[in-house]
Amino acid sequence: MQTSRRNFLKKAGIGSAALASIPSIVNSCVAPQNKDNEDESTGIFSANDVVLFQGDSISDAGRDRKNSDPNSSKALGVGYAFLATANLLNTHADKNLTIYNRGISGNKVYQLAERWQADCLDLKPNLLSILIGVNDYWHFRNGNYNGTPEIYENDFRKLLEETKSKIPGIKLVICEPFILTGTRSVDESWVEPFKQFQEIAAKISKEFETIWVPFQKVFTEASKVAPATYWTPDGVHPSIAGAQLMAEAWLKSI
């Protein structure tokens, strides 16, 4: 039986590292934000809190944009936001959480700002999670955007300054934009220029004292367990397994 399993893994191109699970990958990459708490999520949510996921297509994940209801599977899409929401609603059933997803495919930071009043400020989130940045580089790369790392940084900072001024006490989660090479859309030429955007996101997170979700570190580690295309076929958008990986990393981080 063990020999047969090893042969299967070898043929699948995964190897013995596949014995690792998503939780073990996440645990090796994500340090608890509050080491004094046995349960890292204890105390972050209060009764009737509003949670908002914001970003681009990775957060959008095919959600029905005509459905604005919270806690709705159609409105949440089929990605990490839905999977994380399912966990939160189950784990914190006593909190009566209200959870929205307002990610929109193709968005860059300035496009978040254009819709920020209706898609963030009016919802009055207690916890706001943002994953943004891959399009700020990708669309520049393919000639459809004139943005630069400096524009990304300035726009991102301005957006968070506005948010904190209008929603005092808001808890912020910044997610690291990520890529994996050796995939349909991403090769090694992405790595160095895109790293600038990742470093800016980390800088902004530290500046605003947000929770940080190290998605690049998690995906890089996961690609040692299974091929990059297993987690994200095009190097940007997660597979089902990649979405679960993201959800667990996000939950562990908060």
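In this predicted model, helix H8 passes helix H10 in a right-handed crossing. H8 covers residues 134–141 and H10 residues 191–207; their axes come within 9 Å and cross at roughly 145°. On the H8 side the contact is made by Val134, Asp136 and Tyr137, which meet Pro193, Phe194 and Phe197 of H10. By class, this contact has 5 nonpolar residues, 1 charged residue and no polar ones.

His139 also has its place in H8. With a relative accessibility of 17%, His139 counts as buried, because the cut-off for that class is under 20%. Leaving out residues up to four places away in sequence, His139 touches Gly106, Lys108, Asn144 and Tyr145.

Side chains of opposite charge can pair when their charged atoms come close. The whole structure has 11 salt bridges. One of them joins Glu207 to Arg157, with the closest N and O atoms 2.8 Å apart. Glu207 lies in H10 and Arg157 in helix H9 (residues 149–166), so this pair ties together parts that are 50 residues apart in sequence. Glu207 is partly exposed at 40% relative accessible area, whereas Arg157 is buried at 16%. Both belong to a network of salt bridges that links Glu153, Arg157, Lys203 and Glu207.

Asp119 forms a salt bridge with Arg102, where the closest N and O atoms are 3.9 Å apart. Asp119 is in helix H7 (residues 116–119) and Arg102 in the loop between strand E2 and helix H6, so parts 17 residues apart in sequence are tied together. Asp119 is buried at 15% relative accessibility, and Arg102 is buried at 9%.

Technical notes. Residues are numbered from 1 along each chain as its sequence is written. This is a predicted model: local features need pLDDT of at least 70, side-chain atom pairs count only at pLDDT 80 or more; totals for chains, interfaces and linings use all residues. Side-chain values use heavy atoms; hydrogens and water are left out. Axes are lines fitted to C-alpha atoms, for helices over the stretch in contact, and angles run from 0 to 180 degrees between N-to-C directions. Helices (H or I, at least four residues) and strands (E, at least two) are DSSP runs, numbered from the N terminus. A crossing is left-handed if the near helix is turned anticlockwise from the far one by less than a right angle, and right-handed if clockwise. Contact means heavy atoms within 4.5 Å. Ala, Val, Leu, Ile, Met, Phe, Trp, Tyr, Cys and Pro count as nonpolar, Asp, Glu, Lys and Arg as charged, and the others, Gly among them, as polar. Buried means under 20% relative accessible area, exposed over 50%, partly exposed in between (1.4 Å probe, protein chains only). A salt bridge is a side-chain nitrogen of Lys or Arg within 4 Å of a carboxyl oxygen of Asp or Glu.
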